[in-house]
Amino acid sequence: MAGLLLAAGSGSRLGRPKALVEVGGERLVDRGVRTLRAGGCAPVVVVLGAADTAVPDAWTVLNPEWASGMGSSLRAGIDALPDGVDAVLISLADQPLVTPEAVARLVAAHADGARAAVATYRGNQRNPVLIGREHWSTVHAMAVADVGARPFLRAYSHVVTPVACDGVASPEDIDTQEDLLRLRDLIGR
């Protein structure tokens with residue numbers, strides 16, 4: 001089970017690349033890698049773009065088309081996955097409240113036979129998302145502009161296993177300075 005962390009955006013509403021933002025004394029990109037590894041993913045691939053930086057404990061891929069949106073980063077990440085990987089767990093760098101426990105729940109769903117799975121919070125599909133190798137080409141084709149795996153999750157809902165992550169994680173993301181301050185406060189507590 002590989003981990004794929006999408007961290008290429010410029011953070012236009014935040015005013016700086018989110019991957020480099022520190023929360024709880026740790027860059028979001030490093031926190032995302034640590035979360036994926038601690039949840040059971042190896043190797044971990046990070047897709048960078050607006051910020052090209054060294055990321056310990058991960059393979060990095062630079063997406064030259066990062067400005068076109070998340071779809072190109074997802075495609076670049078899928079293309080970079082090594083042979084022998086059976087499934088990938090996709091996470092976003094700007095969601096620091098996704099925990100190793102949430103990742104582990106999706107990894108466990110895969111071990112129990114799920115070939116596609118999505119974390120749910122109060123019944124709503126969010127991140128992270130697990131995709132088995134046999135679905136990569138479909139996800140790749142559907143990931144355009146600023147859309148990642150969501151079209152696949154909707155079109156192929158009959159093969160997607162929902163995995164409740166309430167109580168162990170939150171899909172809250174950082175888009176603005178206000179979001180950053182609020183999540184820093186939550187993490188600090």
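Helices (H or I, at least four residues) and strands (E, at least two) are DSSP runs, numbered from the N terminus. The structure is a predicted model, in which local features need pLDDT of at least 70 and side-chain atom pairs count only at pLDDT 80 or more, while totals for chains, interfaces and linings use all residues. Residues are numbered from 1 along each chain as its sequence is written, and side-chain values use heavy atoms, with hydrogens and water left out.

**View 1. The annotated domain, residues 3–158.** An unreviewed UniProt entry places the feature "domain: MobA-like NTP transferase" at these residues, an annotation that may be inferred rather than shown by experiment. Over residues 3–158 the chain is 30% helix and 25% strand, with 23 Å between the end C-alpha atoms.

**View 2. The lining of the largest pocket.** The largest pocket holds about 960 Å³ of space. Of its 34 lining residues, Lys18, Met70, Leu92, Asp94 and Asp146 are the closest to its centre. A pocket here is an open set of points on a 1 Å grid over the protein atoms alone, where a 1.4 Å probe fits, with protein on both sides within 12 Å along at least five of seven lines, and lining residues have an atom within 4 Å of a point. Strand E8 (124–132) is one of the elements that supply at least two lining residues each, and E8 gives the most, with 4.

**View 3. Asn127 in strand E8.** Asn127 counts as buried because its relative accessibility is 16%, buried meaning under 20% relative accessible area with a 1.4 Å probe and protein chains only. Leaving aside residues up to four places away in sequence, Asn127 touches Ile90, Leu92, Gln95, Val98, Ala119 and Tyr121, where contact means heavy atoms within 4.5 Å.

Definitions and conventions
Grid points are joined across faces, edges and corners, and a volume is the space filled by probe spheres set on the points. Buried means under 20% relative accessible area, exposed over 50%, partly exposed in between (1.4 Å probe, protein chains only).
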